[in-house]
Amino acid sequence: KLRSVVRGCGSYLPERIVTNAELAQRVDTSDEWIVQRTGIRQRHVAADGETTSMIGLRAAQAALADAGMDPSEIDLIIVATATPDHTFPATATQIQAGLGITDGAAFDLQAVCSGFVFGLATADKFLCSGAARAALVIGAETFSRILDWEDRATCVLFGDGAGAVVLKAEAGDGTLKDRGVLATHIRSDGRYKNKLYVDGGAGSTKTVGFLRMEGKEVFRHAVVNLAETVRHTFAETGLSGDDIDWFVPHQANRRIIDATADKLGIDHDRVVVTVDRHGNTSAASIPLALAEAHKDGRIKPGQLVLIEAMGGGFTWGSALIRW
Ligand code: ACO
């Protein structure tokens with residue numbers, strides 16, 4: 001049986017850091033409110049002209065260097081983003097060109113904050129079927145460009161950044177002892193569009209638009225849906241919270257992360273948290289957190305890593321990876 005094995009992981013964060021104190025000079029908020037409600041202390045913000053494809057390319061290069069692989073070995077690039085450089089062409093094709101790759105296929109995938117989980121699930125199908133040999137799955141976002149910087153309820157929550165993994169199709173023995181992606185589960189339900197959406201686009205205002213959110217409602221659905229998708233993955237694999245070495249959730253809000261870990265029976269010292277320094281970077285948050293914990297040696301080869309996310313749509317999903 002073919003498995004999608006993680007061979008490399010890397011990330012990139014724009015240089016500029018915006019602290020809560022800086023935001024408190026722009027809108028009526030405080031460091032205390034933001035930290036208490038979200039756990040966020042700072043976020044990175046892309047420079048003028050620094051696009052999603054540029055930061056995604058940096059993350060892809062870091063992941064390839066970590067894998068010790070040449071770009072020419074990659075025949076599939078999936079970029080999860082809700083903030084593409086252009087309506088078209090796909091940001092993925094620009095990263096492909098930046099890497100000097102002219103073979104294979106590159107496309108974007110849009111599932112907002114769940115994008116990395118959806119991208120990983122999609123790449124896994126290509127690799128396990130033999131349709132591709134090696135894939136880059138990239139989460140890259142510049143949410144700073146779709147924030148209403150006058151709306152204190154949303155502008156304090158998000159940040160920019162990119163993360164990437166290199167997956168390679170390798171033979172396994174078909175058991176849970178194999179390295180690689182062991183299970184994926186993705187869901188969506190479009191009835192909840194108005195809880196979290198961007199009020200622009202070619203079909204509406206013809207402007208880029210701003211992110212709009214009913215925060216309390218999103219919070220309520222997030223805790224329920226995240227537990228549901230992980231329980232599905234546990235049922236499919238016969239595993240439980242005790243078996244998980246590292247829980248790497250989408251980084252939206254410290255309170256959502258803690259509530260979900262508690263529901264799943266995962267101790268907080270096995271949870272990777274970056275939301276304090278990165279804010280919510282949407283599809284980039286999980287690969288950014290994976291890259292950090294991989295680089296500092298917390299996540300080791302052979303360990304079981306659980307990822308989950310929920311985002312606009314709604315979309316949500318989870319995946320289990322033996323690193
Ligand atoms: N600073 C100070 N006060 C604020 C701020 C702010 N930045 N933002 C809102 N407030 C005020 C509100 O105006 C409100 O005031 P009022 O009571 O006078 O009307 C008060 O704080 C409480 O507002 P709520 O929205 O009820 O606060 P809540 O405790 O729900 O926290 C938050 C808001 C942090 C947005 C929370 O609902 C949340 O995290 N929701 C999840 C949203 C999320 O993570 N979305 C990301 C995309 S989806 C995902 O990734 C899971």
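Biologist: What makes the shell around the ligand one that draws on domain 1 or domain 2, or on each of them?

Modeller: This is a predicted model, and in it domain 1 (2–171) and domain 2 (180–322) each give at least three residues to the shell around the ligand. The shell is therefore built from each of the two domains, where a residue counts if its C-beta atom, placed from the backbone, lies within 6 Å of the ligand.

Biologist: Which residues come nearest to the ligand, and which elements supply the shell?

Modeller: Of the 23 residues around the ligand, the nearest are Thr29, Arg152, Gly215, Phe219 and Ala252. At least two residues of the shell come from each of α2 (31–38), α6, α7 (215–237) and β12 (304–311), and α7 has the largest share, with 5 residues.

Biologist: How do you know what classes of residue make up that shell?

Modeller: Sorting the shell by residue class gives 13 nonpolar, 7 polar and 3 charged residues.

Biologist: What makes you say that domain 1 and domain 2 are in contact?

Modeller: The criterion is a C-beta separation within 7 Å, with the C-beta atoms placed from the backbone, and 49 residues of domain 1 are in contact with 45 residues of domain 2. On the side of domain 1 that touches domain 2, the elements giving two or more residues include β1 (2–12), α5 (115–128), β6 (134–142) and β7 (160–171). That side of domain 1 has 24 nonpolar, 16 polar and 9 charged residues. The C-alpha centres of the two domains lie 14 Å apart.

Biologist: Why is the radius of gyration of the protein chain said to agree with that of a compact globule?

Modeller: For 323 residues the globule rule gives a radius of gyration near 20 Å, and the protein chain has 18 Å, so the value agrees with a compact globule. Along its principal axes, the C-alpha trace spans about 55 × 45 × 40 Å, and the chain has 10 helices and 13 strands.

Biologist: How do you know what confidence the predictor places in the protein chain?

Modeller: The mean pLDDT is 97, and 100% of the residues reach 70 or more. On a scale from 0 to 100, the predictor therefore assigns the chain a mean confidence of 97. The model also scores ipTM 0.92 and pTM 0.97.

How values were computed. Residues numbered from 1 in each chain as written. Predicted model: local features only at pLDDT ≥ 70, side-chain atom pairs only at ≥ 80, totals over all residues. Domains from an automatic or database assignment. Contact = placed C-beta atoms within 7 Å. Helix = DSSP H or I, 4+ residues; strand = E, 2+ residues; numbered from the N terminus. Nonpolar A, V, L, I, M, F, W, Y, C, P; charged D, E, K, R; others polar. Rg over C-alpha atoms; globule rule 2.2 N^0.38 Å.
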